[in-house]
Amino acid sequence: MTQRINLPEKLFDKTPYNIYQDEHFTVTTMQYDTGVAGLKISNSRGYIVLLPFQGFMIWDAVFDQLSLKMTSVFDKPYLGTQVTDTYGMFQFTSGVLASGTPSETDQHPLHGEYPMTKLDHIYLEFDQDNIIIGGEYEYVKGFGYHYRTHNTVIMHAASALIDIGLKVTNLSNYQTMPLQYLNHLNYCYVNGATMSANVPENALKLRRSIPAHVKPTANWRAFNRELQASGEVIEVLDDGSRFDPEIVYMSTDLRPFVDRAVFKMSLPDGPTCVTAFSTKELPFVTRWLLHNPDQQVAAFAIPGTSHPDGHNAASQAGTLIHLAPGKTQSFTVTTGIGE
């Protein structure tokens, strides 16, 4: 029988406290000295640290003694209003009215309104072999949109894979709402890692536009020209200097190729990281590679409903979702170290 424990914010204190423990899982509440509440969920393979009241982002995921998250200038999460105020996490929700990098014609912040949202209600559900961390949030604006989100992360006994879920319900009685979502997974950069997928290599295309936050160098421009001329899709992390500033690939629609996309990054003499998702739910994927002294990330697969070019680009491309009143859209991504 499934049981539930509600987790009010007052339970999260600077002194870590084990609020639940059984033969498979330990759940610990805590608070960073920056004031950010953290929830650590451990099993026999490792743990994740969730920030339940800050966008429900996963700050870290450590399995088999390996931290899967990016390297950054942030050694801990910080409070803030924009995602860049604490950009060192393993995963966050980019969306939901808009997502990605805004163009000059967009009005939304970087990665939308959701990444730093304070959720209304947090809970645990658990049975013999699984534990679910859930969060709910209601967004409402006068003369604007009205929706509810339901975030979940599921951890399994003796597994290094987690399931990340999001449901969005349009609560308006009459108004269709835009919906755009990226499950932004920021994996660690490991020199010598090899990336692969169950979709054709030519499904990934090098991004040709240059967002405002990217400051090109002469070497970077030359490397981009080489990639454009050859059509090469980078699959081996063998020279980090090539990824400063970032190199980004974006896929074509993956639905004609597979029902369930599986992207992998095999670490040298180590495990294989996996990200898998339904292409019906998430038809596109982005690959983001960045390596400099402050930030190193090998986001080998960021699943999304569209490309990460902002609301207006998605609208023009026909990939923006128009969610009817009362309707719900659901997304699930499985990620971690493959079994």
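**Exercise 1.** Identify the residues that form one aromatic cluster with Trp-288 in this predicted model.

*Solution.* The cluster consists of Tyr-87, Phe-92 and Trp-288. For context, the structure holds 12 aromatic pairs.

**Exercise 2.** Classify the pair formed by Tyr-20 and Phe-126, and state which elements it ties together.

*Solution.* Step 3: Tyr-20 belongs to strand E2 (residues 17–21) and Phe-126 to strand E9 (residues 121–126), so the pair links parts 106 residues apart in sequence. Step 4: Tyr-20 and Phe-126 are both buried.

**Exercise 3.** Carry out the analysis for Phe-263 and Phe-277.

*Solution.* Step 1: the centres lie 6.2 Å apart and the planes are at 5 degrees, so Phe-263 and Phe-277 are stacked. Step 2: because Phe-263 is in strand E18 (residues 260–266) and Phe-277 in strand E19 (residues 272–278), the pair ties together parts 14 residues apart in sequence. Step 3: Phe-263 and Phe-277 are both buried.

**Exercise 4.** Which rings have Arg-4 and Lys-40 over them?

*Solution.* Step 1: Arg-4 places its charged end over the ring of Tyr-123, 3.7 Å from the ring centre. Step 2: Lys-40 lies over the face of Tyr-47, at 4.3 Å from the ring centre.

Notes
Residues numbered from 1 in each chain as written. Predicted model: local features only at pLDDT ≥ 70, side-chain atom pairs only at ≥ 80, totals over all residues. Heavy atoms only, no water. Phe/Tyr/Trp six-rings, centres within 6.5 Å; stacked < 30°, edge-to-face > 60°. Helix = DSSP H or I, 4+ residues; strand = E, 2+ residues; numbered from the N terminus. Buried < 20%, exposed > 50% of the residue type's maximum accessible area, 1.4 Å probe, protein only. Lys NZ or Arg CZ within 6 Å of the ring centre and 35° of its normal.
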